[in-house]
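Me: I have a new model open and would like to go through it with you. Could you take my questions as they come?

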Amino acid sequence: MDLQQLEEEARQAALKDIQNMLQRPGQLEKVEQYRHRIARKKASVEALLKTGMQNQLDGVRVGLKQLETCMQDVREVRRRMDEVERLLQGVPEVYDALEVVREENTKHSQYATAMENLKHIFNVDASVQKTMALIEDDKLLNAHQCLADLENSRDDLLYELHKQPKQHASDKITLKRHFEKVDTVSRELEKKLRINISRTLNILRKKPTIIVTALRIIEREEKNDQFALQQQKVTGFLPPGRPKAWRRMIMDVLQQSVVTRIEGSKLEERADNKMWLVRDLEILRQIILEDLRVVKSLCVPCFPPHYDIFGEYVKFYHEGLSSYLDNIVRSGLEGNEYVSMLAWVTHTYPGVELMAHPDLNVDVHRLIGPLLRPEHLKALEDEYLQNMQRNYQEWMTKAAETEKQEWFSEMVPDQDEHYYHTSAPVIIFQMIDQHLQVTNTIHQELTFKALVMSIQQVEIFGQTYLKNVIELKEHHFRNRDQIKYFTHYIITIVNNSQQMVELAQQMKQLYWPKSRTEHYEDFERLLVTFQRIRAHAASYLLEEAFLDMECHFNDLFTAKWLASNIAVDTICVTLDDYFQDYNHLRPNNFEMVINEAQKLLAKRYIRALLSKRLSKPRTECDAITRKIKAEAKRFKLFFEKIAPKISLSDSPLDLISTLSALLSSDIELLVLDLHTLLGSYPSLNEDHLVRLFYIRNDVKAAEVREKVQDAMKSKKASIVSIAKQDCIFKEIVFSDKLW
């Protein structure tokens, strides 16, 4: 530290302070005041410095005194250690000199121990008999006291032998043999405790003091075990039979009693009663609920708190029940037994009917876990679904065969509100609904799996059903006299297919989770299958009807047709006769058949119109056009008569009048008429139009061809049909071409 520099810095700082204080003339008058103030500050600082210096000096003085005292203590310790070392040099000689004293002391200790236990040594047999008698009389506390005295005597004597430097095995053997009956008494007392503890729940209802006595004895033995183990750590001596671990013993006894009670609850086998599992599970529920109530109300006050006896009992029942149910599952379940087991394990056991009952209020999922392991529970659910699937397959195969047999029978189908039907659709979906209601009692995921599997099985049934329907149709059309009620049963099939679609949609509405999208294609496939069956069966109905009218369609647009209305009259009468049966179709199906019949009638009539059967001059074509329009109107009136409630607007029969109008059109304006027609019906092709004008022999073929081709060229600008009946022209195909 540079004192000169510090002094200079202080001087400069002082000058700055003086400059600041004396900046104005008026401040010179206060110079004396400033000087006194500075003097007081200086005196104050000097006083503080003196005080600080004095404190430092006092501290140093005290420290020096303490160091001096410590030095004296160190010298005193060294002197005494030297003295101790000098005294210890003579210890070996003293130890050797006291050998005789030690031996005498050991003998004295043994004699003293022997003297203390003389009564027990000489009265072992009498004490054992007395103790056994007390055990027989259920005076267990007194018996345990006597047993403890005998064990203490034996253990004290053995301990004295253990302390001897030279131990003789014969001495220990002799002593143990002398006290060997003590072990018998201990085992007998343990046996008695086992019996009492195994009957805990029954005894507590009548005489709880018996259980309290047993627990007091067990607690004493637990303390003796702990003392013996501590002694072993210090001395290496462990009394024979220790530790007895009677607390673990009684817990094992309680657990075994629970297992026995669970297994003993079974009253029936499957051969005795089909509802054996339901009854067994209900008995188990009642037993466990009642037992745990007793445990909570009577055991808890009697058992020491650290036993947590209620929690232990819950664990015992859980483990015992888990093992018991696992054995039942491994032995195999049948039918509804799967449902009973799954519902009981999933809902009844952890629910308010048992563990979550207000009297118990046990959350088994949080405290213990599931009754059956997840993989076992999943395997059980899979077996249940497989069993359900086998039942579906068996029943639906039988249902399909039964339906098939009914088709060939001599009996008319059943009627429901005048509509033909069979009970199969309702029975199938009732069966599915019952299964799904049952699975709903277990959990929603299982219900969804069962729903998907049910849909798949119904779709498989539909494929078989469709195959049988096709076989029925082929068999019938080979010989139409073999199946008496073919039409009736085809109507039944149409109605059943529609009902299957409706019932499937209702089932989806009830059970399909709105958030689930997987397996939706299975449901769509089911609907498509039965809609296909419905369409096939409806087409077979009309195929049969139009087969009877084939010859009359062949008479259309012939000389015979020009002379009379017999062909069209017969067609209408035949259709009317068939539609008397078609009235047994449900409204939606009847409407579908009406629409298909109109379409098919229009197609057959137009096909006859284009079949090159007539060739007349223009003057006669006007009459032909009027006749065609009249017959088209006749057909429409017929359908309005048999289906007054069904709208026939945009009927395909209107195509007949539209085409017939071309026969009387001006040939010069034909291109314009064709252009308008092709704009609405782009499926009309060149062959159709040329065949139509075959009827007019006043028009040259080359001219018609040219005009048709011109109209066809303009058709390319409009390739999308605006009329739903346009598809009819796609289905009218001729193998022979005019051009």
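**Domains and helix packing**

Reply: Before anything else, this is a predicted model. Between domain 2 and domain 3 the buried area is about 930 Å², and carbon and sulfur atoms give 74% of it.

Me: Which three residues supply 60% of the area that domain 2 buries against domain 3?

Reply: Those are Y338, V339 and L342, which supply more of that area than any other three residues.

Me: Changing topic to helices, at what angle do α12 and α14 pack?

Reply: Helix α12, residues 246-263, packs against helix α14, residues 309-331, at an angle of about 45 degrees, and their axes are 9 Å apart. That angle makes α12 oblique to α14, and the crossing of the two, α12 and α14, is right-handed.

Me: Which residues in α12 and α14 meet?

Reply: From α12 the residues are M251, L254, Q255, V258, V259, R261, I262 and E263, and they meet I309, E312, Y313, F316, Y317, E319, G320, L321 and Y324 in α14. Sorted by type, the residues of this contact between α12 and α14 comprise eleven nonpolar, two polar and four charged.

Me: OK, next pair: are α19 and α20 roughly parallel or roughly antiparallel?

Reply: Helix α19 (residues 444-478) and helix α20 (residues 486-511) have axes 12 Å apart and pack at an angle of about 170 degrees, and α19 and α20 are therefore roughly antiparallel to each other. Their contact includes L451, I455, V458 and F461 among the residues of α19, and I490, I493, M500 and Y511 among those of α20. By type, the residues where α19 meets α20 divide into 14 nonpolar, four polar and one charged.

Me: Last one, how do α21 and α24 cross?

Reply: The axes of helix α21 (residues 520-548) and helix α24 (residues 566-582) come within 10 Å and cross at roughly 155 degrees, which makes α21 roughly antiparallel to α24. The crossing of α21 and α24 is right-handed. On the α21 side the contact is made by L541, L542, E544, A545, F546 and D548, and on the α24 side by T574, L575, Y578 and Y582. Seven of the residues in this contact of α21 with α24 are nonpolar, one is polar and two are charged.

Notes: Residues are numbered from 1 along each chain as its sequence is written. This is a predicted model: local features need pLDDT of at least 70, side-chain atom pairs count only at pLDDT 80 or more; totals for chains, interfaces and linings use all residues. Side-chain values use heavy atoms; hydrogens and water are left out. Axes are lines fitted to C-alpha atoms, for helices over the stretch in contact, and angles run from 0 to 180 degrees between N-to-C directions. Helices (H or I, at least four residues) and strands (E, at least two) are DSSP runs, numbered from the N terminus. Angles under 35 degrees count as roughly parallel, over 145 as roughly antiparallel, 65 to 115 as roughly perpendicular and the rest as oblique. A crossing is left-handed if the near helix is turned anticlockwise from the far one by less than a right angle, and right-handed if clockwise. Contact means heavy atoms within 4.5 Å. Ala, Val, Leu, Ile, Met, Phe, Trp, Tyr, Cys and Pro count as nonpolar, Asp, Glu, Lys and Arg as charged, and the others, Gly among them, as polar. Buried area is the accessible area (1.4 Å probe) that two parts lose on being put together, summed over both.
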